[in-house]
Each structure stands twice: as structure tokens, then as C-alpha cells.
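These are notes for a colleague who has not looked at this model before.

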Amino acid sequence: KVDGEIVTLYNDEHFSTVRTKIFNISSAENLLKDFKFEQLTHGGGKGGSPLAFLPSGYIVKEINSGDNESLLEMTEALCKRALGKNTFIVTFLAHFKTKRSGRNYAAMSNAFHVHGVSKDAKVFWKYMFDLKGCRDDRMMRFNNQKVPEIHKRFWMFYNCWYCCDLFECQNCYCCDLKERGVYYQGKVEAYQGKLQLTKTQKHVFAQRLKGDAEFLNSFGVMDYSLLVGVQSYKSIEEAKKAGIWPRAASGGNGDSDDQGSQFVCRIKDQETGDILYLAFFFGIVDFFQKWNAAKIIARTVKLCCFCCAPKPLSTVQPDRYSVQFTDHITRKFLVRTTPTSTHEKERWQQMFLDK
């Protein structure tokens, strides 16, 4: 039972292996013991499904019939990939259907959660991005503050800011919707901005991202996103208190030791000159969308109304989406300049995870 309701578990012979080997969770019942259906809230975005963030750090999400069919098809392969740990794809731990309502749900890992961290830990999110490798990229958080979501849809031409977006006006005085301006600038930063990794980190990141995109393309899915979270601290002590040093991004699969430490980086802030310690968190989500008639129609509409849908589009065939996703997001990450002096190199090797 889940929250007192009788449920049917799908393919639990595969999910149980993932739960025990990666997360040390003995059963689906233990995983979902703190979940209540009343916790489900709207997930945001375009038609976001209801989801709940559990105190244990996992997410439960209601999934529609199309996503449910895709998950059933992909379960065995997803679990095998999760066990290999060389992936950014978020890990699914359970898939179930309630007997009373007949609705389907899935439990998954949270790409931005670090297990074992105290609730009192002061975590500072410099950035959170939702990246698709197209103009749908968006910023979710900046300097620990949530970025308001003021979407533009093609039928909203009556809004002044609609035209300001089209012509990229920077100083429009006729509009009085500051939140839209903040959201739009966040989208520009998400699509055009750059982040820094070390040379080895960039190589590992690119190879893993490419492998994941090819894997998803083999199932004919598209329109998925890479969630990117960046925690920023001014000292190693601050990072340790937040629980991310020397641990960092696990790619959503629960491993937070050697694999995670590949994505901790030290940089120099170009604006202030301050030394910052960054931890990167990654997770590929929303990867059940098949290329179907609805997507073909959506693409046709966007191509006809070219001024309403800036290029590149997210509504493209799976093989093209895979390449577009990998190439653009890989280019977003620059290789951090390596220190040249012997003394500085020694300091980096001794103090930081500079691989």
C-alpha cells in the first residue's frame, strides 16, 4: 500500500535492484512511507504533471498515459544504465498504479538533492537551469532566488512584452511587467551564458551527455531537458558545511563519492575577482515524449509562425534533437584556465579537486 491505497507495482524486479544496490532501500513501501497523495502539486512549465518532493529527497510524479507507456518500454534499459553509474539520467526507483483511481505514478531521484546533509546546512544555489539546447532554455534560480515564470505563448500577442521579446528591447518603458523582463533575461542567460569546468571534467561531461542522448534517441524520444544546478561558496569550509565537499553532482544516480567529485571546481569571479568554489549538479529529465502527430503539428505551426518561435526549436525529430541537445549544451561549458606557475599548480593539486 501507498498512503493507505492499494497499488500495483510495474516491473519491480528491475526497480528493486536499483533501490537496493544504489540507494540501499529495501522496498518500494520503505521508499514511499512518507508520501501522501495530497502532497502532489502542479509541476510548472507547459502542462506540468503533479509532483511531490519527499523529505527523504526523492520525487513522486503523476505520469500521463503516453509517458506511462514509454516508461514501461524503457524500464529495463533505464535500470541497467543507472546501475552503470555513467549517466546524468535521473534514476527511477518505482512505478505504480493506484487501484482506486487508476492513475499512474513514478518515484525518482532528485538531481539537486544531496543525501545525508543536515536540514540546517546553508546551501547557496548560484544558478539553476533547465536546458534543452534551444530557445526554450530557462533559468529557474539565480542567487538562491526563484526566477518568476511568465511564459510567452503564441496567443499572447496582446501583451506589450510580447513584441519586446520579438525585437529584444532592452529598455521598454511602456511595459510594466518587470517579472516578465526578469524571466526573459534569465532565458537569454540560460541559452547564451557560459559555465566553467576543468579540462578533464569537460571531457567526462561531454562523453556522458552524448552517451545519454544517444541512449534516449534509441527509444525515439525527444524534448528532454538537462537540469543544471550550481552551488557557489567562498571557502572550502562553507562548502563542507553545505555537504558538497568533496561530494558533488551524482548525475541523479545516488553515487556521491568519486563520480561526484569530478564536478567540483574552483574559479575566479570575473566581476568581483573573488575565488569561488562551485559544485555542479546534473540530471536529465522529461524524456518520455515520442515523436508523434501532435509534435508534427506543433512543429508545422512553429515553422509557419516563425516570428513566434525563435530558432532553434525543441520540436524536432528525435535524432536531430539528440545532436542539437548534445552539441549546444556541451559548448555551454568552457574549459577553465589552468594556472601556470608551479606554486599555483601545487596549491590546486593539494587543496582542490583539479583533475
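1. N68 sits in helix 3, where helices are DSSP runs of H or I with at least four residues, strands are runs of E with at least two, and both are numbered from the N terminus. N68 counts as buried because its relative accessibility is 5%; buried means under 20% relative accessible area, exposed over 50% and partly exposed in between, with a 1.4 Å probe and protein chains only. Leaving out residues up to four places away in sequence, N68 touches Y10, I63, H95 and N104, contact being heavy atoms within 4.5 Å.

2. The model is predicted: local features need pLDDT of at least 70 and side-chain atom pairs count only at pLDDT 80 or more, while totals for chains, interfaces and linings use all residues. Residues are numbered from 1 along each chain as its sequence is written, and side-chain values use heavy atoms, with hydrogens and water left out.

3. The protein has 10 helices and 15 strands. Of its 355 residues, 50% count as buried. Among contacts between residues at least 6 apart in sequence, 70% join residues at least 24 apart.

4. Five strands form an open sheet with antiparallel pairing, in the order 1-4-5-3-2. Strand 1 (7–9) and strand 2 (51–53) are at the edges and have a single partner strand each, so one side of each is left without a neighbour in the sheet. On average, neighbouring strands of this sheet are turned by 25° against each other, direction ignored. Two strands pair if DSSP finds at least two bridges between them.

5. Strand 4 pairs with strand 1 in the antiparallel sense over three bridges, and F96 in strand 4 is the bridge partner of L9. Strand 4 also pairs with strand 5, again antiparallel, over five bridges; here K97 has N104 in strand 5 as its bridge partner. Strands 4 and 5 form a hairpin with five residues between them, and G102 in the turn has a positive phi of about 75°. Six of the seven residues of strand 4 are buried.

6. Strand 5 (residues 104–109) pairs with strand 3 (residues 58–63) over six bridges, in the antiparallel sense. In this pairing K61 stands opposite A106 in strand 5.

7. Helix 1 (residues 12–22) lies across strand 1 and strand 4 (92–98) and runs at about 140° to strand 4. Axes are lines fitted to C-alpha atoms, for helices over the stretch in contact, and angles run from 0 to 180 degrees between N-to-C directions.

8. Which residues line the largest cavity? They are V18, L78, C79, R81, A82, T87, I89, V90, T91 and F92. Helix 3 (residues 65–84) gives the largest share of this lining, four residues. By class the lining has seven nonpolar, two polar and one charged residues, with Ala, Val, Leu, Ile, Met, Phe, Trp, Tyr, Cys and Pro taken as nonpolar, Asp, Glu, Lys and Arg as charged, and the others, Gly among them, as polar.

9. L278 lies in strand 13 (residues 275–285). With 8% relative accessibility, L278 counts as buried. Not counting residues up to four places away in sequence, L278 touches V230, Q231, S232, F263, V264, C265 and I267. L278 and A239 are 39 residues apart in sequence and 8.6 Å apart in space, C-alpha to C-alpha.

How values were computed:
On a 1 Å grid over the protein atoms alone, a cavity is a set of points where a 1.4 Å probe fits but cannot get out, and a pocket is an open set with protein on both sides within 12 Å along at least five of seven lines; lining residues have an atom within 4 Å of a point.
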